[in-house]
Amino acid sequence: MTAPSAEPAAATTKRDLGGPLRGIALKIASVCCFVVMATMLKATLTIPSGQMVFFRSFFALLPVLGYLAWKGNLTRAFQTKRPLGHILRGLIGVSSMSLGFFALTRLPLPEATAIGYAAPLIIVILSAVLLHERVHVFRWTTVLVGLAGVMVILWPRLTVFSGETPMGDAQSVGALASLAGAVLSAFAMLQVRTLVQTERTEAIVTYFFISASVISLFTIPFGWVWPTPEQAALLVGAGFFGGIGQLLLTSCYRYADMSVIAPFEYVSLILTIIIGFVIFADVPTAAMLVGALIIVASGIAVILRERYLGLDRAKSRQANTP
C-alpha cells in the first residue's frame, strides 16, 4: 500500500549511465520495501488505520530527509509555490492510505494488493473524464478487462449479492474499502500530475509525508490505542521501509523508461502470496488468482502498447529530422 508517488516528475530527470538493469533492480527493491511495510502494518492487528497512517508517514520522513541532506538537496524539499496543492494531495492521500490500511486488517495480504492494482486503471478513466485526455479504443478495452478482473476478486466478498446478510462480514467491508482506496489513490495521482508542473520531486514527497502526518493526528479521537512494544516496533519499521521504498521508487526512473520499469510492480503479487501463506496462513482463492492475472495482463498490455507507440513516434521523429 504505497503512497501516491511522484515518479512522473522523476521520469523527466536526466538518467545516469547505469542502464535499465539498475532501474529494474531499484524498482524491485522498492516493491520489496513496500511489501515489507504492508506486512508489518498487517501484523500490528489491533492498530487503527489512522494511527497506521501517522507512523507510516512520520517515520518515512526520517530516511527521506536524511537522504536529501546527504545529497545536499534538503532545502529543495521545503521550496514550494503551491502549499494548498500539497495540502489537498495530503487529504486525498491520507484518505486513500486509511482505507487501504483498513483493508489490510480485513483481507488476505495478496487480495488487498491485487485490488489496489485497480488504481492505474481508474486513472485512465479519470484522465479522460476530468482532464479530457484522448483515450484510444485499445486502452479503453484493457481498462474494461482489468476492471472485470477486479470484479472477479470482489464478487465472492460482496455478500449483498449472495443472499447473505448485506455487508455482514469484515472481508466484504475490507474489499469495498480497498476498492475505495484505489479510487482515491487515482485522484491523488491526478493531483501529483498538476503539482509536478511547478514543484520539485523532493518537495512533493516531503510535503506529502508532512501533511499526512499532521492530518492523521485528527483521527486520534476515533480510537487510537497505546501500542505494545512489538506493535510500536512494527509501526516504526513500516514507516522506515515506506520511506526507503519511496526513495528507491523515485531513483529507479533515472535509469530507464517508465514503460520498462512499470511491469515489475507486479512482483508484489508474487511476494504477497508467499508472505501471506507463510506468515498469515492465507491461502489464495481461485477467484483472487484469476482476477489478479486478468488485472496484471491488462496492465502489462497497456505498458507494452505505450512502449511500442513511444518507439514508433521516436522513429517517426528521426525520419522527419533533416
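Predicted model: local features only at pLDDT ≥ 70, side-chain atom pairs only at ≥ 80, totals over all residues.
**The whole chain**

Switch to a cartoon view. The protein chain has 13 helices and zero strands, so the pattern along the sequence is simply α repeated: α-α-α-α-α-α-α-α-α-α-α-α-α. Now colour by burial. Of the 322 residues, 48% count as buried. Next, consider the contacts in the protein chain with a separation of 6 or more: residues 24 or more positions apart account for 87% of them.

**The nonpolar cores**

Select Leu 41, Phe 101, Leu 104 and Phe 209 and show their side chains. These four touch the most other members of the largest nonpolar core, which has 72 residues. Then select helix 2, residues 20-43. This helix supplies ten residues, the largest share of the core. Another core lies apart from that one; to find it, select Leu 121, Val 124, Ala 128 and Val 135, which are among its five residues.

**Helix 5 against helix 12**

Hide the side chains and select residues 109-116, which are helix 5, together with residues 267-280, which are helix 12. How do these two helices run relative to each other? Their axes come within 7 Å and cross at roughly 160°. An angle over 145 degrees counts as roughly antiparallel, and helix 5 and helix 12 are therefore roughly antiparallel to each other.

Bring back the side chains where the two helices meet. On helix 5, the contact is made by Leu 109, Pro 110, Thr 113 and Ala 114.

For the last stop, select Val 145, which is found in helix 7, residues 137-154. Is Val 145 buried, partly exposed or exposed? The relative accessible area of Val 145 is 40%. Buried means under 20% and exposed means over 50%, so Val 145 is partly exposed.

Now display what surrounds this residue. Leaving aside residues up to four places away in sequence, Val 145 touches Ile 294 and Ser 298. Draw a distance line between the C-alpha atoms of Val 145 and Ile 294: they are separated by 7.1 Å, although the two residues are 149 residues apart along the chain.

Note on methods: Residues numbered from 1 in each chain as written. Heavy atoms only, no water. Core = buried A, V, L, I, M, F, W, Y, C linked by side-chain atoms within 4.5 Å. Buried < 20%, exposed > 50% of the residue type's maximum accessible area, 1.4 Å probe, protein only. Helix = DSSP H or I, 4+ residues; strand = E, 2+ residues; numbered from the N terminus. Axes fitted to C-alpha atoms, helices over the stretch in contact; angles between N-to-C directions. Parallel < 35°, antiparallel > 145°, perpendicular 65-115°, else oblique. Contact = heavy atoms within 4.5 Å.
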